[in-house]
Amino acid sequence: MNVTYGFQATLTARTGMGDQLVDLLLTGLDEGSPGASEHCVVYLVSRSSSDPDVVHVTEGWTSEEEHHRIFDGEAAQAIVARIGGLLAAESTYTDHVPIRGKAAF
């Protein structure tokens, strides 16, 4: 599948809550969650090497429309609702149009 839409989000957890934020974001890979969708080709959670409360999420989707459709769903909205309570600041988002690359784990 080709990735035609993607984004990176940077989220800053309240002090000491970085682990909880990472754990919550990783539930996005569970069956029925957004990252488990066949339309989500990349779902990468990482954190800052200098600040464990700064977490990055990189996603790649087959289309922007599929991303929005899936994120309007109940599973995604449940995760989003729980994220808010862990954040110290507004998250930043950068949209991407992927060109080429590789992810192998």
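**Close-up views of a predicted model**

**View 1. The aromatic cluster of Tyr5, Phe7 and Tyr93.** With a relative accessibility of 8%, Tyr5 counts as buried, and this residue belongs to a model that is predicted. Tyr5 pairs with Phe7 in a tilted arrangement, in which the ring centres are 6.5 Å apart and the planes stand at 45° to one another. Phe7 is likewise buried, its relative accessible area being 7%. A tilted pair is also formed by Phe7 and Tyr93, because their ring centres lie 6.0 Å apart and their planes meet at 55°. This pair joins distant parts of the chain, since Phe7 belongs to strand S1 and Tyr93 to strand S4 (residues 92-96), and the two residues are 86 residues apart. Tyr93, at 55% relative accessibility, counts as exposed. The number of aromatic pairs in the model comes to 3.

**View 2. Helix H1 and its buried side.** Helix H1 covers residues 18-26, and within this helix Gly18, Leu21, Val22, Leu24 and Leu25 are buried. These residues lie on the same side of H1, because they cover an arc of only 165° around the axis. On the face of H1 that is turned away from the buried side, the exposed residues Asp19 and Asp23 are found. The buried residues of H1 are covered by elements that include strand S1 (5-12), strand S2 (40-47), strand S3 (54-61) and helix H3 (74-84).

**View 3. His56 and the residues that it touches.** His56 is part of strand S3, and its side chain makes a polar contact of 3.0 Å with the side chain of Thr10. When residues up to four places away in sequence are not counted, His56 touches Gln8, Ala9 and Thr10, and also Leu44, Val45, Ser46, Arg47 and Ser48. Strand S3, where His56 lies, is also among the elements that cover the buried residues of H1.

**View 4. Ser37 in the loop between H1 and S2.** Although Ser37 is found in a loop, this residue counts as buried, because its relative accessibility is 16% and the cut-off for buried is under 20%. A polar atom of the Ser37 side chain lies 3.0 Å from the backbone nitrogen of His39. Leaving aside neighbours within four places in sequence, Ser37 is in contact with Trp61 and Ile70.

Notes
Residues are numbered from 1 along each chain as its sequence is written. This is a predicted model: local features need pLDDT of at least 70, side-chain atom pairs count only at pLDDT 80 or more; totals for chains, interfaces and linings use all residues. Side-chain values use heavy atoms; hydrogens and water are left out. Buried means under 20% relative accessible area, exposed over 50%, partly exposed in between (1.4 Å probe, protein chains only). Helices (H or I, at least four residues) and strands (E, at least two) are DSSP runs, numbered from the N terminus. The arc is that of the directions from the helix axis to the C-beta atoms. Contact means heavy atoms within 4.5 Å. A polar contact is a pair of N or O atoms within 3.5 Å; within protein, one must be able to donate a hydrogen and the other to accept it, and residues adjacent in sequence count only if both atoms are side-chain atoms. Rings of Phe, Tyr and Trp (its six-membered ring) pair if their centres lie within 6.5 Å; planes under 30 degrees apart count as stacked, over 60 as edge-to-face and the rest as tilted.
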